[in-house]
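User: I am new to this structure and would like to learn how its features are read. May we go through them one at a time?

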Amino acid sequence: MAQKFWFKLDNAAKLYPAIANSRWMSMFRMTAELEDDVDPVLLQQALNQVMPRFPTMNVGLRTGLFWYYLEQMPSPLQVRADSGHPCMPFSKKRDGGFLLRVFYYRNRISTEFFHALTDGTGGLAFLKTLTVQYLRLRGHPISFDQGALDITASPTEEETQDAFLKIPLPKIRIDRSIEKAYHFPATREIPHTLNIIAASMPCDKLLEKAREMNVSLTEYLTALMLFAAYRQQMTDGKKKLRPIRVSVPVNLRAFYGVATLRNFSSFVNPTIDPRLGEYTFPEICQVVRNFMAHHCTKKQMSAAVATNVSDETYLAIRLVPLFIKNLVISHVFRNSGDLHFTSTLSNIGKTGIPTGAESLIRRFEFLLGVPYAPLCNCACVTTGNELRLTFSSNIRETDFPRLLLCQLVEMGIPVTVDSNQQED
């Protein structure tokens, strides 16, 4: 029998197993919506052919004395019919030890990832590759391009490496302490419930509005979220005002020119503080623009990464048994973590459809899993001229997405909305 391969968890991934439990895991979902219904038999064949191209995803989580690690799975991953709420925590009984799921439902192929495996960039590469191979098995001459990887090529060392440990980092460390942020008044749903509101809008119209404010599309969406939360806080009746903070993941691949398929992102946290006075939307746009200009640089990103990497390089920390590390990490996360953020915006950006599939793939979708705290988070991806903005929450209230989407309509942006949440 061939020897199994294994991987250390990358620097970003080390957090997720320590804070996961049967009620919550850090998850995300990627979906390809096709023109025709999915054939599950062909999808399984495609998955079997694609998995060897992604060795860091064909793995299960194992427990060592000092750290978790990822080990090759002995049996193939099985596609399943999609049912129930998205992004349920993984279980060995239900998922066979895998940290990745592949679903089909009518004309949709969906993939779900435990964040210890990869980030949105890696997840989208896997979904695109699987979708292309599935369509090729259906007889369509589609190219492995636009982010889909050629399955006849061997995985490269760069794709499987922990890029956090391969880049030059400064010796400086940054202070990670921040004040707790404003949270919406919320009625938490029962465990494993994920309420979803998906909004579609023309990207070119949104870009026009962003350019009027002299900001990027991500900055514009971030400002919209801050403004909606600001309006919510001004009317929720609470006497004590708190900072409003949106956590925005930043893809580090562009800064360092690496092509890893594992986690390789950091975060910036644009903030407004209503205790300083009133804010207008144009003012918030400039706050976000100035914040991003300062923090989204290679130097600032390197300092943030160096701070995180330094924790695992200290010999004293490395020699602490895993169960003690888990207790400390989970305690810190429960008492900080999502409490520091009002919401999250993860923007994959504009993604192309592989050549030959333009009439076969309608759109891609991106969805963040259940938040740990009672929050409403956002994710978006643009296919062609359609920007798909998805709100995911574990709370019943829909005030925040309603405020944000109404702002867009008031600004002249046509919006269509789908939801799995029933009206009261």
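User: In what order do the five strands of the open sheet lie?

Analyst: This is a predicted model, in which local features need pLDDT of at least 70 and side-chain atom pairs count only at pLDDT 80 or more, while totals for chains, interfaces and linings use all residues. Residues are numbered from 1 along each chain as its sequence is written, and side-chain values use heavy atoms, with hydrogens and water left out. Strands (E, at least two residues) and helices (H or I, at least four) are DSSP runs numbered from the N terminus, and two strands pair if DSSP finds at least two bridges between them. Here the order is S5-S6-S7-S2-S13, with mixed pairing. Strand S5 (80-81) and strand S13 (361-368) are at the edges with a single partner strand each, so one side of each has no neighbour in the sheet.

User: In which sense do S5 and S6 pair?

Analyst: S5 pairs with strand S6 (residues 100-105) in the parallel sense, over two bridges. Ala81 is opposite Tyr104 in S6.

User: How is the packing of H2 and H4 described?

Analyst: Two packed helices are described by the angle between their axes and the distance between the axes. Axes are lines fitted to C-alpha atoms, for helices over the stretch in contact, and angles run from 0 to 180 degrees between N-to-C directions. For H2 and H4 the angle is about 125 degrees and the axes are 9 Å apart. That makes H2 oblique to H4, since angles under 35 degrees count as roughly parallel, over 145 as roughly antiparallel, 65 to 115 as roughly perpendicular and the rest as oblique.

User: Which residues of H2 and H4 meet?

Analyst: Contact means heavy atoms within 4.5 Å. Among the residues that meet are Leu43 and Leu47 in H2, and Phe126 and Leu130 in H4. Helix H2 (residues 40-50) also packs on the sheet, where H2 touches S6 and strand S7 (108-114).

User: How far apart do the axes of H7 and H13 come?

Analyst: The axes of helix H7 (residues 217-235) and helix H13 (residues 399-410) come within 9 Å, crossing at roughly 120 degrees.
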